[in-house]
Amino acid sequence: MSSNSSQPLQPHIALFPTAGMGHLTPFLRVAAMLASYNVTVTLITPQPTLSAAESDTIASFFAIHPQINRLDFHIIPYNSPTPDDPFFSHWEATNRSLHLLHPLISSLSPPLTAIFSDFALATNMIPIADRLQIPTFILFTTSARFLSLMAYYPFLTSPEISNADANHIPIPGLANIQKSSIPPPLLHPGKSLFTSTLASNILSFSKVEGILLNSFEYFESETITAFNNGQVQSGFPPILPIGPIAPTGLVQGDHPLPWLNEQPAKSVVYISFGSRTSMSKDQIRALGDGLDRSGHRFLWVLKGNKVDKEDKEGLEELLSESFLERTKNKGIVVKGWVSQEDILQHPAVGGFVSHCGWNSVMEAALHGVPVLAWPLHGDQRINAEVVEKSGLGLWERQWGWGGEKLINEQEIGEKIKVIMEDEILRAKAFNVGKEARKAVEKNGGSEKVLARVINSLNPTE
Ligand code: UDP
Ligand code: UDP
Ligand code: UDP
């Protein structure tokens, strides 16, 4: 350490994301934000990555952020004995390799002053940080509302709750959560890696210095306040909303932007279900017909498979030739990676049909784009509730979980018309955007929280 220099000492923070673009993206954004505050940043990148989207994004990120240190962390291969989601198997493999981390980070210079860990690694990360005598923060990658469910999870499995016929789960200090919004694996805890990862990491909440959230006061005020008043659980660490975390300006993938540039303002509905969620072929066809029926222009990003390395099907195999022919002057369908950041801030985009992955929600919030929430898995229904409550968009609860039922073209077409045409909805979403941008301006609520965290980590000598 340069103790003989007259320069003030700056914190050195290591960030460790787990697999999945929904996890990598917020970590990269926070890494870039910290670097802009002159913090020394080391980004730990688990190798190999699971998807091409992740490896491409990591490479582009370091190319434009040469000041951020890269530490590749090689994961010991792990073959799950059960046919688990590949993302959750990757989390498990990372956890099983974490004993290799201490020697890699104990000799960094300047010495680390904190670790920002993914939730899925927290329990194994804390003893490593303790050995280094530095604090651990969790960077939580979904909503405060989902965090309230997680905090309450140990009670969720208690006999009084799990045997109850009630349709609602009471969360102390907060509105009830509907049972139908809780990811089914959590209500039937079995042997899934997902539930076991959650259960073991929930135990670490009380041991971390704080939980950083990609959210902002206005958007989830009730939940954030209840946490920080100790109503949800006493002894819970501070909830630190620092969002919407700023896009990194990475430009990758296909570029529908030239086409968007030619469309009138707010005339295009953008459809994407994130980086790892696909639909059945029947549902894809009904969605196409619904788009056609809505009468609006569209930009549709289609995925045929969960992990992009395996996504080989062509558009013609997923959509009929007549659909492609019929809609060719009105919309475009893209397969592959697009730069969603650029799309959501484009003036031609007037609405967003989204699965409500939390990053997508926050990107829509930042730009005030009205959302039609179509949650399919995991945390997405709880995130959709936040979308609805905040005024950012609409959620048709009856559509159920992904694959539960086939939603027909009429219903889809009608809802798309609403998000594209309803002036009140548009004004409310616009207002969310205004509040979002205010939160991250200098001295805005989220900006102040981040500055405070960084100040608290300044080395004292
Ligand atoms: N994304 C993108 N292009 C794509 C698909 C996804 O830029 O073609 C980005 C999107 O903007 C978001 C992230 O990938 O930042 C996906 O995270 P989210 O939490 O929305 O959903 P997930 O993919 O994890 O389900
Ligand atoms: N899944 C997904 N994207 C997500 C979340 C889950 O593709 O963002 C997958 C998940 O890994 C699982 C399937 O979708 O293989 C069903 O997930 P869910 O949590 O809904 O469990 P289920 O209700 O089917 O038991
Ligand atoms: N999740 C869930 N069931 C699933 C997948 C995910 O309940 O099958 C929850 C889980 O809490 C996880 C969160 O959703 O931490 C985010 O999951 P994931 O990384 O799959 O999606 P993302 O946030 O990237 O959209």
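Reader: Which residue in E9 does Ile 211 stand opposite?
Author: This is a predicted model, in which local features need pLDDT of at least 70, side-chain atom pairs count only at pLDDT 80 or more, and totals for chains, interfaces and linings use all residues. Residues are numbered from 1 along each chain as its sequence is written, and chains are lettered from A and ligands numbered from 1 in the order in which they are written. Strand E8 (residues 210-213) pairs with E9 in the parallel sense over 3 bridges; strands are DSSP runs of E, at least two residues, numbered from the N terminus, and pairing requires at least two bridges found by DSSP. In E9, the residue opposite Ile 211 is Ile 239.

Reader: Which are the edge strands of the open sheet of 7 strands?
Author: The order is E3-E2-E1-E4-E5-E8-E9, with parallel pairing. Each edge strand pairs on one side only, and the two are E3 (69-74) and E9 (239-241).

Reader: How are helix H1 and helix H2 oriented to each other?
Author: The axes of H1 (residues 21-36) and H2 (residues 52-64), lines fitted to C-alpha atoms over the stretch in contact with angles from 0 to 180 degrees between N-to-C directions, come within 10 Å and cross at roughly 10°. Helices here are DSSP runs of H or I, at least four residues. Angles under 35 degrees count as roughly parallel, and H1 and H2 are therefore roughly parallel.

Reader: Which residues around ligand 2 come nearest?
Author: The shell has 10 residues, a residue being near if its C-beta atom, placed from the backbone, lies within 6 Å. Those that come nearest are Asp 85, Pro 184, Thr 277, His 377 and Gly 378.

Notes:
Angles under 35 degrees count as roughly parallel, over 145 as roughly antiparallel, 65 to 115 as roughly perpendicular and the rest as oblique.
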